[in-house]
Amino acid sequence: MKKLLTAAMLAAMSPVAVAAQEASLDDKINDAFAWSTGWFVTLIFNPLPFEIAGSSFPWIVMWLVIGATVFTIYFGLIQIRAFGHAISLVKGDYSDPNDAGEVSHFQALATALSGTVGLGNIAGVAVAVGIGGPGATFWMIFAGLLGMASKFTECTLGVKYRNEYADGSVSGGPMYYMTKGFKERNLPGGKVLAILFSIFCILGALGGGNMFQANQAHAQISGITGDYPGWITGLVFAVVVFAVIVGGIKSIARVTEKVVPFMGIMYVFVALIILLVNYDQIGWAFGQIWAGAFTGLGVAGGFVGALIQGFKRAAFSNEAGVGSAAIAHSAVRTKEPITEGVVSLLEPFIDTVVICTMTALVITISGVLVVDPATGNYVLNEAGTGIQTADGSSGVQLTSAAFATGFSWFPYVLAIAVILFAFSTMISWSYYGLKAWTYLVGEGQAQELAFKIIFCVFVVIGAAAELGAVIDFSDAMIFAMAVVNITALYFLMPIVKAEMNSYFGRLKSGEIVKHKH
């Protein structure tokens, strides 16, 4: 009997058995988490109770698009009127080095961009075009342009109601303008909204802004180098991320102002080369985008399917209305809140209108989407849920295949881009989560260090574990931030309008002048 028990114990201790136990543990954690949080994920991403032309529309996307439309109308197309001035501000033409704050306009923009420019621009666009056809690109651009007004609103408030401390550091974001702004207008509920937003922000930062990024980076690296334990990738990322974030927003800004332009220019440069090589098809590609936006070109759901996919991708890509960017922009050196609102409207333009459109154009002209030569319409896959692709790929693999038609070595460039996108997103979201954390537990070096250590532990967990339900939950948390944030923006937008009228009035009269550097 003892021999049998010993044999059983030895068998249980074999590597295969241990691996099986670990796998089952992962599955158990995932299942338990899905069971306890699935209701919240369903609540946030639930479609509207009715279909539009046979297509479902998540209510959270409608919430973001309606908010962006309201702000666009209320502020009189501010994204068009102030675009030129935004570029002047980023160049530093109006920057006074004596103003309170920690980073320049350009650094604040780069930090916020690093939190949004990422896998959504690579994999997400491929999903949108793969389901909604090239026409989804038109609606993606349209929603991105509307989202510029949302960013303008939230980032102006972020600076106006930030806390400025004696050591020169600042803390700002939705939780501060919810508390102070509501109090200023004698409105109830500001503190409750701020606490809810902070909780959602912390959980979203640990999941979607951290674990998901580490997980995808490991998948991309191991796809090229061969399979190896995820904790190794996680540990390397954790060490590098900690080295950056331990220095605070100034350290983060110094890194993002170099990484973001590099990764953005590298990605757009490769896309431009492919477009130039196929210059004779660029006109045709734009024709496909225009025609598909209003006819659907035979894709699932017709033009409404293209519209839904475009709106959904823009909302998930640039995070306009989520409130996260207001935290980064609050650290800017300025005494005029409206200036950072103006600078921030460039963010959805760069993220969605420029980078996402580049991805969509390359996919369209590459020939990876199968077209019926007889009708000119796209051929649907067997399930009828999307367009048939040349090699059956989707998501990031579809983008990789599209770029590889121009350069066989592009998957290696894409791997570098994914690593840089993941890294920059993690360090930006660490700052968002940190500011939400210190709002709840109080300011101080000990409190900050505790969160930074927790964040880096989650980097390792994210790279090593396959916890799909955790990622779904954290994504839901990020969009729950938008529910709370846009609610607050509706109540506070008259304050932004007063700031806007005052600033542009003084700019026009010559009271506000450029600074010599």
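Predicted model: local features only at pLDDT ≥ 70, side-chain atom pairs only at ≥ 80, totals over all residues.
Let's start with Cys-456 and its neighbours: leaving out residues up to four places away in sequence, Cys-456 touches Ala-238, Val-241, Phe-242 and Ile-245. Touching, or contact, means heavy atoms within 4.5 Å.

Residues are numbered from 1 along each chain as its sequence is written, and side-chain values use heavy atoms, with hydrogens and water left out.

Is Cys-456 buried or exposed? Cys-456 counts as buried because its relative accessibility is 8%. Here, buried means under 20% relative accessible area, exposed means over 50%, and partly exposed is in between (1.4 Å probe, protein chains only).

Gln-79 is another residue to look up. Leaving out residues up to four places away in sequence, its contacts are Thr-72, Leu-145, Leu-146, Met-148, Ala-149 and Leu-345. The side chain of Gln-79 also reaches the backbone oxygen of Leu-145 at 2.8 Å.

Here are the two residues side by side. Helices (H or I, at least four residues) and strands (E, at least two) are DSSP runs, numbered from the N terminus.

| Residue | Helix | Relative accessible area |
|---|---|---|
| Cys-456 | H20 (residues 445-464) | 8% |
| Gln-79 | H4 (residues 78-81) | 5% |

Now for helix H13 (residues 282-295). Its 14 residues should span 20 Å at 1.5 Å a residue, and its end C-alpha atoms are 20 Å apart, so the two agree. The expected span is 1.5 Å times one less than the number of residues. Which residues of H13 are buried? They are Ala-285, Gln-288, Ile-289, Gly-292 and Ala-293.

Finally, the whole chain. It has 21 helices and two strands, and buried residues make up 55% of its 517 residues. Among contacts with a separation of 6 or more, 82% are between residues 24 or more positions apart.

Definitions and conventions:
Polar contact = N/O pair within 3.5 Å; in protein donor to acceptor, adjacent residues only side chain to side chain.
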